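Take a look at the model below.

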Amino acid sequence: MSAGTGADRAAAPRGTVTDDEREDPRAVRRRSLRLLGSLIRPVAGPAWWTVALVVLAQLAAVAGPALVAFGIDSALPALADDDDAAPLVLAAGTYLVLALGGGLLSAQVVRASARVSQAILLDLRGRLFRHTQRLSLEFHERYTSGRIISRQTSDTDALRELLDGGVTTLASSGLAMVFTAASLVWLDPRSGLVLLVAVVPGVLLTRWFQIRSQRQYRLNRTAAARVIVRFVETMTGIRAVQAFRREGRADAVYGAEAEDYRRTTAEAIRVNGVFDTGLTLIGNVTVAAVLLVGGLRVLDDGLEVGVLVAAVLYARRFFQPLAQIGMFYNSFQSATAALEKLSALLAEEPTVPDPAEPVALPRVRGDVRFADVEFGYGAGPSVLPAMDLHVPAGQSLALVGETGAGKSTIAKLLARFYDVRTGAVLLDGVDVRRIDPTDLRRAVVMVTQEAYLFSGSIAANIALGRPDASREEIEAAARAVGVHELVAAMPQGYDTDVDKRGGRLSAGQRQLVSFARAFLADPAVLILDEATSSLDVPGEALVQRGLRTLLAGRTAVVIAHRLSTVMGSDRVLVVDGGRVVEDGSPAELAAGDGRFAELYADWQATLTASHPT
Ligand SMILES: Nc1ncnc2c1ncn2[C@@H]1O[C@H](COP(=O)(O)OP(=O)(O)OP(=O)(O)O)[C@@H](O)[C@H]1O
């Protein structure tokens, strides 16, 4: 796989920065922090409450060994010498209460942090969906769907992982270490000194682990992403794989990538193992050192036994949190990377902005004009260098031209999926950039080749543009375009689920449903990208009839691929290199000696060849 392909980026590992490659890292960090701040602000109260619970739980935990020291050094002698059981009962009772309280507090921490993290994630998911949906077509054509899916899944998951357990574990672990060290220094400064000496190799080992595990983690995420991309790519292109007998080769490539994934995972586990073992070793040596140094002092009467026991307990506890901090380091890293990518997505602005002062256009006649339009995608070259075009209301216009000529671009500008660079696209004399978006969407409908059907009933699919339409209206639209009989013959008629057996439709049938959808929406201007099949086979007569009904009585711009569609339209525009090179009625142009006449002759020849009489 070549580096940096669309598919590659689509499944880019969480640990790598792909979206922000050319951005200033400080700006990226600021943007990420702003997003984090805006996510936390609404739940600031519960978040502070969680922090308070974490502090209390750690205080309860750290008091244990000190109580043990008190029990041994003060309470036991009081019982032995003075027959006074009160101090021992007090120490044991307090220990029990703190243990129970600590347990309850820990449970509360889990609940409180879950509440905070789930509220944050709900907010984030909603924002991502609304924002991505609002972005212009330009964004969706540039940002592959795989990447959007990564934002909604693995990136949100990375944050979830951290918020669900990571943050509280990190905070608890950090506090536990500080409290433990402080208690030991307070109880017995010399034992505290032994502990502080042991911190040095502990910190060095943790730093080694951070560097190694970060590198390993990235390798591992890249390997995992490759396996997924390869799998998806092979299965998406399964027809080509099987048709060209590429199974063996695909298997070998996939096998090598899966092996790479296994190897990097094994190495990551090994690094973890070294870290864990190293920490345990340092912890045990520290305990032994505290015991030895303290034991000698006890013999010299320089230290009380209880304090020694407490010191040993504290030393044992000290290194446990470090292992947890190490474990969550990777989660923290990937959550940071995820936050950067999420904030980049949320910072995208629609390239087709809503007008500041929208012009209401409730009743549109359908007069379309391209006035001195120049357009190109992004900063790319001009695709339409200079387009002047007037389509009077009610006219049906067929756009023909070679692939890449600019036909779809004209259609996309008219539907305002993109905005022109210079000049203007006018509807009934009003610049489309100024028209109220709701009115514009109602007036101009684009039916694309793919005829996308959403999961749900056929009726709901037809009513997409007018969800309040009655069943009668839906049926009338289906009848008009000639799809009623087909739907009526389905297992549950109009209630048949398009995803279920019996609801699956052929490409032509799907197109008829999308015609019914457009018919019901009843726009003044209809843009239609006809399916690419260029032969007028008899089975498509139905589609042609549906099409004629759909186009009747409105302005229509059709990217035509069938001769019958072209010949049935009022006017033909031949486009070449973004310019109109021929313009006239189909009969006129066919009889001439221009490009359309050639195309017409080719079409005729193909038809005769495929339907010999
Ligand atoms: N999203 C895009 N970003 C950049 N360039 C684009 C984009 N879409 C189209 N183009 C370029 O604009 C030119 C015109 O493309 P357009 O899709 O309008 O052609 P077309 O006539 O509709 O072709 P076809 O018949 O193959 O659909 C082409 O050179 C194409 O490479």
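This is a predicted model: local features need pLDDT of at least 70, side-chain atom pairs count only at pLDDT 80 or more; totals for chains, interfaces and linings use all residues.

## The open sheet

A371 has A424, in strand β4, as its bridge partner. The two strands involved are β1 (residues 368-376) and β4, joined by five bridges and running antiparallel. Strands are DSSP runs of E with at least two residues, helices are runs of H or I with at least four, and both are numbered from the N terminus. Two strands count as paired if DSSP finds at least two bridges between them.

Four strands make up this open sheet, in the order β2-β1-β4-β5, with antiparallel pairing. Its edge strands are β2 (382-391) and β5 (430-431), each pairing on one side only. In a regular strand, side chains alternate between the two faces of the sheet.

Residues are numbered from 1 along each chain as its sequence is written.

The predictor's confidence in each residue is its pLDDT, from 0 to 100. The chain averages 83, and 92% of the residues score at least 70. Confidence is highest in strand β4 (residues 422-427), at 94, and lowest in helix α1 (residues 6-10), at a mean of 36. Over residues 1-21 the pLDDT is below 50, yet this stretch has 51 contacts in the model beyond near neighbours in sequence. A contact means two C-beta atoms, placed from the backbone, within 7 Å. The model scores ipTM 0.95 and pTM 0.74.

Strand β3 (residues 396-400) runs parallel to strand β9 (residues 571-576), and four bridges join them. Here L397 stands opposite R571 in β9.

On to the next pair. β9 runs antiparallel to strand β10 (residues 579-584), with five bridges between them. L573 stands opposite D583 in β10. β9 and β10 form a hairpin with two residues between them, and G577 in the turn has a positive phi of about 55°.

Why is helix α12 (residues 407-414) largely enclosed by the rest of the structure? Because six of its eight residues are buried. They are K407, T409, I410, A411, L413 and L414. Buried means that 20 or more other C-beta atoms lie within 10 Å of a residue's own; exposed means 12 or fewer, and partly exposed is in between, with C-beta atoms placed from the backbone. Just after α12, R416 takes a positive phi of about 55°.

α12 also gives three residues to the shell around the ligand, the largest share. Residues around the ligand include E141, Y377, K407, S408 and T409. To count as near, a residue needs its C-beta atom, placed from the backbone, within 6 Å. The shell divides into three nonpolar, seven polar and two charged residues. Ala, Val, Leu, Ile, Met, Phe, Trp, Tyr, Cys and Pro count as nonpolar; Asp, Glu, Lys and Arg as charged; the others, Gly among them, as polar.

## Two domains

The domain assignment gives domain 1 (15-346) and domain 2 (368-610). Such bounds come from an automatic or database assignment. The C-alpha centres of the two domains lie 56 Å apart.

## A look at R316

R316 sits in helix α10 (residues 305-318). Is R316 buried or partly exposed? R316 is partly exposed, because 16 other C-beta atoms lie within 10 Å.

R316 touches G283 and V287, not counting residues up to four places away in sequence. R316 and N284 are 32 residues apart in sequence, but 7.2 Å apart in space, C-alpha to C-alpha.
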